[in-house]
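Subject: Structure handover

Hello,

Here is the structure for your work.

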Amino acid sequence: MRTNQHGPSRVSHDVQRSLSRIISELKDPRIGLMTSVTRCEVTKDLKECKCYISVLGDAEATMQGLVSARGFIRKQLASSLNLRNTPEIDFVLDSSIAYGVEMSRRIDEVIAQDQSKTEE
C-alpha cells in the first residue's frame with residue numbers, strides 16, 4: 001500500500017497560512033503587531049500541531065494572548081480548513097529570526113574590524 005508522503009507537509013503549510021491570517025486578525029492588545037508564524041508541524045493523525053511563533057516586541061505577553069485565544073483560533077482554523085480533525089494547537093516561541101539578526105550583526109562587526117585593520 002502506498003502512503004502519501006506529501007500530505008502532512010501540505011497540511012502543515014495550509015495550517016501555517018491560515019494561522020498567520022487568523023493571528024493577524026486577532027484584536028487582543030497583548031498580541032504584538034509583528035507576530036508571525038514561522039513554521040507549523042502537524043502530526044499525521046491531525047490531532048496536534050506545533051506552531052512556531054516569532055515576535056518582534058513583548059514575546060511573553062504575545063504568547064499569553066495566543067494561549068488564551070487558543071480555542072477561538074482553533075474554531076477559526078476549523079472553519080477555514082476542511083480537515084478530518086482540527087488539531088490542538090501548541091504555540092512555541094521561535095527565536096531563530098532574532099538569532100539570525102544577532103549573528104548578522106556580529107558578522108558585520110567582524111567585517112568592520114577586519115577592514116579597519118587592513119586600512120592601518
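This is a predicted model: local features need pLDDT of at least 70, side-chain atom pairs count only at pLDDT 80 or more; totals for chains, interfaces and linings use all residues.

Strands. β1 (residues 35-42) runs antiparallel to β2, and the two are paired over 7 bridges. Within that pairing, S36 sits opposite S54 of β2. The hairpin formed by β1 and β2 has 5 residues between the strands, and L46 adopts a positive phi near 60 degrees there. β2 also pairs with β3 (residues 88-93), this time in the parallel sense and over 6 bridges. Y52 has V92 in β3 as its bridge partner. Of the 8 residues of β2, 6 are buried, so the strand is largely enclosed by the rest of the structure.

Helix residue. I73 belongs to helix α3, which spans residues 70-80. Is I73 buried or exposed? Its relative accessible area is 0%, so I73 counts as buried, the cut-off being under 20%. Leaving out residues up to four places away in sequence, I73 is in contact with L19, I22, I23, L26, L66, I89 and F91. The C-alpha atoms of I73 and S18 are 9.8 Å apart, with 55 residues separating the two along the chain.

Pocket. The largest pocket has a volume of about 230 Å³. Its lining consists of 13 residues, and S54, V55, L56, I97 and A98 are the ones nearest the centre. By class, 8 of the lining residues are nonpolar, 4 polar and 1 charged. β2 (48-55) and α4 (96-119) each contribute at least two residues to the lining, and the largest share, 3 residues, is from α4.

Regards

Key: Residues are numbered from 1 along each chain as its sequence is written. Side-chain values use heavy atoms; hydrogens and water are left out. On a 1 Å grid over the protein atoms alone, a cavity is a set of points where a 1.4 Å probe fits but cannot get out, and a pocket is an open set with protein on both sides within 12 Å along at least five of seven lines; lining residues have an atom within 4 Å of a point. Grid points are joined across faces, edges and corners, and a volume is the space filled by probe spheres set on the points. Helices (H or I, at least four residues) and strands (E, at least two) are DSSP runs, numbered from the N terminus. Ala, Val, Leu, Ile, Met, Phe, Trp, Tyr, Cys and Pro count as nonpolar, Asp, Glu, Lys and Arg as charged, and the others, Gly among them, as polar. Buried means under 20% relative accessible area, exposed over 50%, partly exposed in between (1.4 Å probe, protein chains only). Contact means heavy atoms within 4.5 Å. Two strands pair if DSSP finds at least two bridges between them.
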